[in-house]
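Dear colleague,

Please find the structure below, together with its sequence. My notes on what was found in it follow directly after.

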Amino acid sequence: MKLAARIGLILLGIIALLIVVLAIVGVVNVRRPFPDTDTTLTIPGLQDEVNVYRDENGIPHIYAQNEHDLFLAQGYVHAQDRFWQMEFWRHVSLGRVSEIAGASTVDIDTFIRTMGWNRIAEESLTYYESEAPEMLTIMEAYSEGVNAYIAEQGDNISLNYTILGLVNDKWEIEPWEPLHTIAWAVVMADDLGGNWSEEIQRANLIKELGEGTTANLLPFYPYDSRPVMVPTDAMNIEFTNEDSETLFQQMQQVDWANVNTDIVGRYPADGFLGGGDYVGSNNWVISGEHTDTGMPLLANDPHLSIQMPAIWYQVGLHAPGFNVEGFSFAGVPGIVVGHNDNIAWGVTNVGPDVQDLYIEKINPNNPNQAEFMGEWEDMDVIEEVIKVNGGEDVVLEVKITRHGPIISDLRDDVSDVLAIRWTAQEPMRTLESIMGLNKAQNYEEFREAMRYWDVPSQNVVYADVEGNIAYQMPGLIPIRANGDGLVPVPGWTGEYEWEGWVPYEKLPAILNPEWGYIATANHAIVDEEYPYLITYYWADGDRGERIVDMIEAELNGDGELTQEDLARIQFDSRSLMADSYVPLLDGLSSSDEKVQAALERLRGWDRQARRDSVPAALFEIFYMQLVQRTLTDEVGADNVRAFSGRVLFHQLADNPDAVWWDDTTTSAKETQADILLTALEDTVAWFDENVGGDMNDWTWGSIHTATFSSNPLGESGIAPIEAIVNRGPFPADGGSSIVNANGWSWSNPAAVTGHPSMRMLVDMSDFDASEWVIPTGESGHPYHPHYDDQIELWLNGEYLPMVWSEDAVLETAVDHLVLTPGE
């Protein structure tokens, strides 16, 4: 059950009362939390006057006379527009959701506290206190601004808070602290860098199907048919024999039946950010040698979980020595992605393997000891107290071995449990990196700033006003003594320990590549010659291949790209999986009129997944049916989704003799063509059942829709409540493993679960010509004019001006907020 769905069960009891209350004071309650954005306010803690100019979409530019006031004002402005988002996020970050939702989410808090997100944040805070006090000063100034807003608003912080206060006891709105800022980085590290569940899944598949079948159906990256971002021989890095890892030592035989792989608590099916399957991100930068302006162009669209409001907040920050614009997180000072006076940068996720599960043997005579190299070692035992809204405290005992917290329970029928080692358990210095990026003036300063970006590791593309383009991968990447990170390893032998980190100087990087561009889409960063293990499982490479193909097509045409070209690439919805399978339909025919009509539509399709396209819808559901028809007989219905990877099915398209095409449940020997036609028959039946009998109604947009849902009320299952806080559904272009990556899950075909969480185009020749958009709007207040005013732009691949110069900011301003010092 989803995190928010449990809250919906509670809401049913008070829905009638709520309708009455909203009918009486609805308009007042809706507008009461709206912030004052065109006035003069006195804010305690300010040293000088601050001016905040908002344009017609509510996007603010903050002008301060010193950095303290700049970050204080950013905290205040973030809180004005997004405090509910900040409030909910900090409860998730620290495993305190039950303080809002009650007993229904105790198991979720149990998982978070067991993993130790709160402890990780506290250790990182200790690092900043002792090693980087200047970062703490920034966070404290930011907190002052947030707390000024809290003190000013009282209970009038959000309509969401008002509604939830009718469900459970109203909880205290606590002052904002630096810990809350730091904790958000832990959530992002989990969302972008967690693969513990894949290790468990692979171990369970090996146990059920065998290692050979599992390996055959989970192939690694196809280096022969998909691009690599940074070839090893193009890096300006000197590798020696000492850089080589030996990772393939035979692992001691593990009795998987004796290992408990059931985790403590519950990890929500759609993740903690509420978006389901991860879909990736895109960015690329083009050298000025190949652009119409003669200066670099940079594009970025990170793909994250769909939500309301958007995960990003657009803002400009201006003070002496600090001049930057871009995308921020509400709750965090500074700019995560954007540009300053001299440089621009964009990010996509690396997806490195930075988590390992260790099988721990527990002392049968002392459950607080685990074996290591023939000795029993005491575990640290920590007591976590989970506060429950309307209920009694829940006391949780967490045990921590040398490898990390134990995340599976000891049961009577098993003797071994799992502990997790994770790079995020080290002090997280990411804020240090963000601040360095915001102030960096050249490539050298950019690279030095990236040194501190520990987690989650990102593909960072770079451009500057000198005409340079570059790439840098930062992050803590473990060096393993043995093992490949694919399955849990014995923790008692001492043979699978981490021996340190890949040196920053040896991480992939490139400056001004001779081919004139750098493109990243979560595909393979390095080739097989790179001496360190980053991961075996990159994204499938379809988006990366398509982006490279489109860039190369422009370079081979008129030889230059424009910003309009970059926008077109960002919104491209071509399916490379369709390129593999639609040609295979040419020789097929059916006596069923609808199936034959579907074949004809697919043959005439341009393979763009557009919302008004019938063949796009047919193909997307066809692929889902094809995977099931191909593999269910060999691996079982429950395991099919685990083997649905596109690398495998691209390979199968090219291999009509593969054994997997035969349906082993029949006496006949099925061919590839037989399975293709049967899958298409299943597709037509699916549409008849789920959409209706008229094929003209089977458009992609009829099933592929984007609903922007607000946590937690937006998934309550109570339609009147959801209508207040959610927006949608909206028919949407794109799809999974498509550049316009509006991904969806088979569990709910074909509702969008992950999406381009923003789009940005930066023109290094004229920053005022840059463009940006987020999927929803700047405000987090339902019914505010800026709650949903960017949705149509985002849906249609359109942008807003990303104005930069003070003249342009003042010219486009419609609101002027003056913040003055006060006691």
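M373 is located in the loop that joins β11 (366-372) to β12 (375-378); helices (H or I, at least four residues) and strands (E, at least two) are DSSP runs, numbered from the N terminus. The phi of M373 is near 50°, a positive value in a residue other than glycine. Please note that this is a predicted model, in which local features need pLDDT of at least 70 and side-chain atom pairs count only at pLDDT 80 or more, while totals for chains, interfaces and linings use all residues. Residues are numbered from 1 along each chain as its sequence is written, and side-chain values use heavy atoms, with hydrogens and water left out.

Other backbone features

Two cis peptide bonds may be of interest. One runs from M308 to P309, with omega near -5°, and P309 is found in the loop between β5 (297-305) and β6. Another runs from N711 to P712, again with omega near -5°; P712 belongs to the loop between β24 (705-708) and α22 (719-725).

An open sheet of 11 strands has mixed pairing and the order β1-β31-β2-β3-β6-β7-β8-β9-β17-β18-β22; two strands pair if DSSP finds at least two bridges between them. Its edge strands, each pairing on one side only, are β1 (40-44) and β22 (509-511). On average, neighbouring strands of this sheet are turned by 15° against each other, direction ignored. Axes are lines fitted to C-alpha atoms, for helices over the stretch in contact, and angles run from 0 to 180 degrees between N-to-C directions.

Helix α3 (residues 67-93) packs on this sheet and touches β1, β2 (50-54), β3 (60-63), β6 (313-319), β7 (322-328) and β31 (815-822). Contact here means heavy atoms within 4.5 Å. The direction of α3 makes about 160° with that of β6.

Towards β22, strand β18 (residues 469-472) pairs with β22 in the antiparallel sense over three bridges. Q472 has A509 of β22 as its bridge partner. Helix α13 (residues 443-450) lies across β9 (343-349), β17 (458-464), β18 and β22, and runs at about 160° to β17.

The sheet of three strands

An open sheet of three strands, ordered β13-β14-β15, has antiparallel pairing. The edge strands are β13 (380-386) and β15 (404-405), each of which pairs on one side only. Seven antiparallel bridges link β13 with strand β14 (residues 394-401), and I386 stands opposite V394 in β14. Helix α6 packs on the sheet, touching β13, β14 and β15, and its direction makes about 105° with that of β13.

Two packed helices are described by the angle between their axes and the distance between the axes. Angles under 35 degrees count as roughly parallel, over 145 as roughly antiparallel, 65 to 115 as roughly perpendicular and the rest as oblique.

The axes of helix α6 (residues 117-131) and helix α9 (residues 178-193) cross at roughly 125° and come within 9 Å; α6 and α9 are therefore oblique to each other. Their crossing is right-handed, a crossing being left-handed if the near helix is turned anticlockwise from the far one by less than a right angle, and right-handed if clockwise. From α6, W117, I120, A121, E122, S124, L125 and Y128 meet P178, L179, I182, A183, V186, V187 and D190 in α9. This contact of α6 with α9 has 11 nonpolar, one polar and two charged residues. Ala, Val, Leu, Ile, Met, Phe, Trp, Tyr, Cys and Pro count as nonpolar, Asp, Glu, Lys and Arg as charged, and the others, Gly among them, as polar.

Helices α7 and α9 pack with their axes 8 Å apart, at an angle of about 110°, which makes α7 roughly perpendicular to α9. L136, M139, E140, Y142 and S143 of α7 and P178, T181 and I182 of α9 form the contact. By class, the residues are five nonpolar, two polar and one charged.

Helix α5 (residues 106-115) and α6 pack at an angle of about 40°, with their axes 5 Å apart, so α5 is oblique to α6.

With kind regards
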